[in-house]
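Here's a quick briefing to keep beside you while you look at the model.

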Amino acid sequence: MKAIYPGSFDPITYGHIDIIKRASKVFDDFTVVLMNNLRKKPLFSVEERLYMIKESLSGMNINVDIHDGLLVQYVKQNNVKIAIRGLRAVGDFEYEFEMALANREMCPSLEMIYFMTDIKYLFLSSSMVKEIAQFGGELKEWVPPIVEKQLREKFQKL
């Protein structure tokens, strides 16, 4: 069965990777889709995020793709029926619930499946990782080495 895991991954964290590993065991055709959301102001370019995703997932049987536009456009173009999302806390649920309803309205055939995050990543977000990196904090527990390296380099330039 085919499924995707869409996200902006700015940057990818061990929380994302936990969801990817678990979901890829459930679905035999699994793709991480880097969504280029023009509304967000990412720290990393699409190319930088794609590089970090591919490096972080190397050795895993995971497809990676990029999409500019709405999730429902991607699923229709690629004949996808299942999108995976991760949930950490109540705030995530409220946001994801609203998005699921909007996506269902636009694409009734799309099913959203939610994976609860591992408890050790309950508080982890890309925003938090960026803030820690900006002030020189420790990152090795939350991001792969390539991501830590890219974060350090990015903040040295800013």
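Sorted by class, the residues lining the second largest pocket come out as eight nonpolar, one polar and three charged. Bear in mind that this is a predicted model.

**Second largest pocket**

- The space in the second largest pocket is about 150 Å³.
- If you want to pick the lining out on screen, look for Leu87, Phe93, Glu96, Phe97, Ala100, Leu101, Asn103, Arg104, Leu110, Glu111, Met112 and Tyr114.

**Largest pocket**

- The largest pocket holds about 1200 Å³ of space.
- Its lining is made up of 42 residues, and those nearest the centre are Gly7, Ser8, Lys40, Arg85 and Tyr95.
- By class, the lining of the largest pocket splits into 17 nonpolar, 14 polar and eleven charged residues.

**Asn103, one of the second pocket's lining residues**

- You'll find Asn103 in helix H4, and it is among the residues that line the second largest pocket.
- Asn103 counts as buried because its relative accessibility is 7%, and the cut-off for buried is under 20%.
- Setting aside neighbours within four places in sequence, Asn103 has contacts with Leu71, Val72, Leu110 and Met112.
- Of those contact partners, Leu110 and Met112 also turn up in the lining of the second largest pocket.

**How H2 and H6 pack**

- Helix H2 (residues 46–56) packs against helix H6 (residues 145–157) at an angle of about 155°, and the two axes are 9 Å apart.
- So H2 runs roughly antiparallel to H6, since angles over 145 degrees count that way.
- On the H2 side the contact uses Glu48, Tyr51, Met52, Glu55 and Ser56, while H6 brings Ile146, Val147, Gln150 and Lys154.
- Sorted by class, the residues in the contact of H2 with H6 are four nonpolar, two polar and three charged.

**Asp18, buried or exposed?**

- Asp18 sits in helix H1.
- Asp18 is buried, because a relative accessibility of 14% falls under the 20% cut-off.
- Not counting residues up to four places away in sequence, Asp18 touches Thr117, Asp118 and Tyr121.

**Asp28, buried or exposed?**

- Asp28 belongs to the loop between helix H1 (14–26) and strand E2 (29–35).
- Asp28 is exposed, because its relative accessible area of 66% is over the 50% cut-off.
- Leaving out residues up to four places away in sequence, Asp28 touches Met1 and Lys2.
- Glu48 is 20 residues from Asp28 along the chain, and 27 Å separates their C-alpha atoms.
- You've met Glu48 already, as one of the H2 residues in the contact with H6.

Methods. Residues are numbered from 1 along each chain as its sequence is written. This is a predicted model: local features need pLDDT of at least 70, side-chain atom pairs count only at pLDDT 80 or more; totals for chains, interfaces and linings use all residues. Side-chain values use heavy atoms; hydrogens and water are left out. Helices (H or I, at least four residues) and strands (E, at least two) are DSSP runs, numbered from the N terminus. Buried means under 20% relative accessible area, exposed over 50%, partly exposed in between (1.4 Å probe, protein chains only). Contact means heavy atoms within 4.5 Å. On a 1 Å grid over the protein atoms alone, a cavity is a set of points where a 1.4 Å probe fits but cannot get out, and a pocket is an open set with protein on both sides within 12 Å along at least five of seven lines; lining residues have an atom within 4 Å of a point. Grid points are joined across faces, edges and corners, and a volume is the space filled by probe spheres set on the points. Ala, Val, Leu, Ile, Met, Phe, Trp, Tyr, Cys and Pro count as nonpolar, Asp, Glu, Lys and Arg as charged, and the others, Gly among them, as polar. Axes are lines fitted to C-alpha atoms, for helices over the stretch in contact, and angles run from 0 to 180 degrees between N-to-C directions. Angles under 35 degrees count as roughly parallel, over 145 as roughly antiparallel, 65 to 115 as roughly perpendicular and the rest as oblique.
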